[in-house]
Amino acid sequence: QVQLVETGGGLVQPGGSLRLSCAASGTIFRINTMGWYRQAPGKQRELVATITSTSVTNFADSVKGRFTISRDNAKKTVYLQMNSLKPEDTAVYYCNADISLHPQLRRDYWGQGTQVTVSS
């Protein structure tokens, strides 16, 4: 069974930094695109950033220039480095991965979410 486990959330002051990690485990043939999404109270879940298996990245306009996404394929892990954090970045952050369980079967997986709170 495939699982995604996120770590690294917490409370940070405005202007601060946090690094989120998400590690995949289980029987995996290949991990395709990985990404981070977030959901603030009363709002819909939104894309933050994605990274393909060849490290092509995509970012929401609201985080461009402040957040970076990277991955370590050997560790089956994706990272989100968040700098210059703002109160509006406060949300539950979810890891997502498009995973091939074998060459003919792909499924979408989500982590359990990690809270990021930006407040003074």
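Reader: Are Asp-89 and Arg-66 buried or exposed?
Author: This is a predicted model. The cut-off for burial is under 20% relative accessible area. Asp-89 has 1% relative accessibility. By that cut-off Asp-89 and Arg-66 are both buried.

Reader: Which residues are joined with Asp-89 into one network of salt bridges?
Author: Salt bridges can share partners, and here they do. The network that includes Asp-89 is made up of Arg-38, Glu-46, Arg-66 and Asp-89.

Reader: What is the N to O distance between Asp-89 and Arg-66?
Author: Their side chains meet in a salt bridge. Asp-89 sits in the loop between β8 and β9, and Arg-66 in the loop between β6 (57-59) and β7 (67-72). The pair links parts of the chain 23 residues apart. The N to O distance is 2.7 Å.

Reader: How many residues apart in sequence are the parts tied together by Asp-89 and Arg-38?
Author: Asp-89 forms a salt bridge with Arg-38, with the closest N and O atoms 2.9 Å apart. Arg-38 is buried, at 6% relative accessibility. Asp-89 lies in the loop between β8 (77-82) and β9 (91-102), while Arg-38 lies in strand β4 (residues 30-39), so the pair ties together parts separated in sequence by 51 residues.

Reader: Which residue meets Arg-106 in a salt bridge?
Author: The side chains meet at 2.3 Å, N to O.

Notes
Residues numbered from 1 in each chain as written. Predicted model: local features only at pLDDT ≥ 70, side-chain atom pairs only at ≥ 80, totals over all residues. Heavy atoms only, no water. Salt bridge = Lys/Arg side-chain N within 4 Å of Asp/Glu carboxyl O. Helix = DSSP H or I, 4+ residues; strand = E, 2+ residues; numbered from the N terminus. Buried < 20%, exposed > 50% of the residue type's maximum accessible area, 1.4 Å probe, protein only.
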